Amino acid sequence: MGHPMTPNERTVAPMIRAWSALLVLLALAGCASAPATSSSAAPGAAAPSTSSRASTGESSPPIRQVLPNGLKLIVQDHRAADIVAVYLYVGVGVRYERPDQLGYSHFQEHMLFKGTDKWGPGYIDRAVEGVGGRTNATTSFDYTDFYIVVPTSSLELALQTLADMAFRSKFDDKEVARERDVIFEEANIEVDNPKSAIIRQLYGVVFADNPYGFPVLGTRPTMNAATGQILKVYNQKYYTPENMTLAVVGPVEPAKVRALVDRIFGVIPATGYKPTAAAVPKPLRGIVKKKVERPEQQSILAMGWSAPPSNDPTGDAVDLLTTILAGSESSRLVRRLRDQDRLVNGITMSYAAQLGGGIVTLRAELEAKDLDRVEQIILEEIKKMQDSGPTEDEVQLAVTKFESQHAFDTETSEGLANAYALAETTWTLDAELTYVDRLRKITRQQIQDAARRYLSRSDYALIAFVPKAL
Ligand SMILES: [Zn+2]
């Protein structure tokens with residue numbers, strides 16, 4: 001499906017924190033190979049905030065249940081529109097791939113749209129579009145997700161289609177060959193786009209040989225070695241009910257949804273699958289610098305630091321920290337480097353986290369001659385933050401930004417269903433529901449501590465894309 005983008009294809013960092021915003025963005029590009037979800041917590045998502053609830057209609061709290069076969073089901077009666085959103089999150093992504101399987105989680109995601117035992121290629125898109133709905137999918141490091149959004153009267157179609165895709169896909173060799181070319185084209189697009197390419201390379205340096213540094217789109221040799229049979233075996237291992245979360249949000253009666261899900265998903269037997277714990281990346285040590293010549297005239301600087309994993313409570317402070325430094329129009333580095341010194345055209349910073357570990361990334365567009373100067377100023381501003389922390393106003397502004405982004409992300413059934421299933425998969429549903437409350441409690445001291453702990457001035461990665469010398 002579509003084109004892959006890295007999550008950093010955005011200009012304002014605070015949104016990144018919002019998992020759902022990130023994914024929505026990615027999904028706009030079609031199939032998205034997200035290198036990372038954002039941070040800790042319930043990012044993005046959260047509880048139906050009072051403000052969004054008031055503006056969008058009635059809604060009850062989400063109900064979480066576990067089916068006898070292990071499938072987690074989250075249902076919310078949300079009466080904003082006559083639309084129901086169904087999200088299926090599967091606990092498989094790049095971090096589960098062996099070196100000879102690189103790219104198979106994403107390849108799998110594509111193949112689930114390419115025919116089942118009953119339906120031919122193209123059926124899924126036609127069936128969903130036929131009722132006026134939409135469908136897409138995303139592959140990341142810790143999970144793969146699929147969604148179908150349809151008029152409420154087509155809820156059963158959405159559930160049945162997702163179950164057909166997950167458990168009864170065909171993996172026809174001809175379709176495998178066709179889809180491989182689609183994915184190679186996605187990889188070309190990723191490499192051609194300097195903003196996504198530099199972040200991809202930064203992940204490779206910061207996470208080094210940990211799977212979070214591997215390419216979501218795989219490698220030529222592993223992709224060429226994939227067959228229908230190999231991908232089917234991969235599917236049977238990971239696409240099991242106990243490795244899935246289904247979220248259904250819309251004007252629905254939870255008991256009726258449960259009955260449908262029991263009939264469609266509840267009959268799939270558990271396999272006894274046990275997920276393996278995420279390998280914790282080794283923290284980056286020392287300063288690793290890399291310069292890459294590129295065809296573009298504009299230079300790009302990217303810096304990266306090791307950061308806490310998605311279920312670490314200090315992640316909330318890191319979110320605010322990156323926002324205060326370079327996550328908004330009024331952030332310190334934007335004001336100094338772009339507005340005052342005019343050394344960069346743009347600069348952004350954000351925190352993204354996986355189950356095993358996270359990363360803080362910074363990206364700036366500038367002239368090659370200013371690279372050293374800009375790096376020095378960034379380190380200076382980091383030192384100021386480590387020495388004196390943010391002001392109370394800066395903290396308030398950053399919290400407000402996240403709150404409003406969060407309210408926006410979770411205004412729709414789609415945003416809520418995605419946020420719930422994502423939080424359940426990468427932390428807990430409760431972490432999502434308490435997100436805004438937690439953010440409001442973060443102190444200046446916690447942000448200063450996060451700057452000292454995570455933004456080392458002697459341990460970081462730096463990549464510069466510079467114009468090819470003539
Ligand atoms: Zn794709």
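Axes here are lines fitted to C-alpha atoms, for helices over the stretch in contact, and angles run from 0 to 180 degrees between N-to-C directions. Keep that in mind for the helix pair further down.

First, some ground rules. This is a predicted model, where local features need pLDDT of at least 70, side-chain atom pairs count only at pLDDT 80 or more, and totals for chains, interfaces and linings use all residues. Residues are numbered from 1 along each chain as its sequence is written.

**The chain overall**

The chain holds 19 helices and 13 strands; these are DSSP runs (helices H or I, at least four residues; strands E, at least two), numbered from the N terminus. Of its 470 residues, 55% count as buried, meaning 20 or more other C-beta atoms lie within 10 Å of the residue's own, with C-beta atoms placed from the backbone.

**Strand 8**

Strand 8 (residues 244-250) has seven of its seven residues buried. In a regular strand, side chains alternate between the two faces of the sheet. Here M244, L246, V248 and G250 are buried on one side, and T245, A247 and V249 are buried on the other. Its pairings are below; two strands pair if DSSP finds at least two bridges between them.

| Partner of strand 8 | Sense | Bridges |
|---|---|---|
| Strand 4 (residues 72-77) | parallel | six bridges |
| Strand 5 (residues 83-90) | antiparallel | six bridges |

V248 turns up in both pairings: its bridge partner is V75, and V86 stands opposite V248 too.

**Helix 8**

Just after helix 8, A208 takes a positive phi of about 45 degrees.

**Helices 13 and 14**

Now for those axes. Helix 13 (residues 332-340) and helix 14 (residues 371-388) have axes that come within 11 Å and cross at roughly 150 degrees. That makes helix 13 roughly antiparallel to helix 14, a label for angles over 145 degrees. On the helix 13 side, the contact is made by R332, L333, R336 and L337, and on the helix 14 side by V374, I377, I378 and E381; contact means C-beta atoms, placed from the backbone, within 7 Å.

Definitions and conventions:
Buried ≥ 20, exposed ≤ 12 C-beta atoms within 10 Å, placed from the backbone. Parallel < 35°, antiparallel > 145°, perpendicular 65-115°, else oblique. Contact = placed C-beta atoms within 7 Å.
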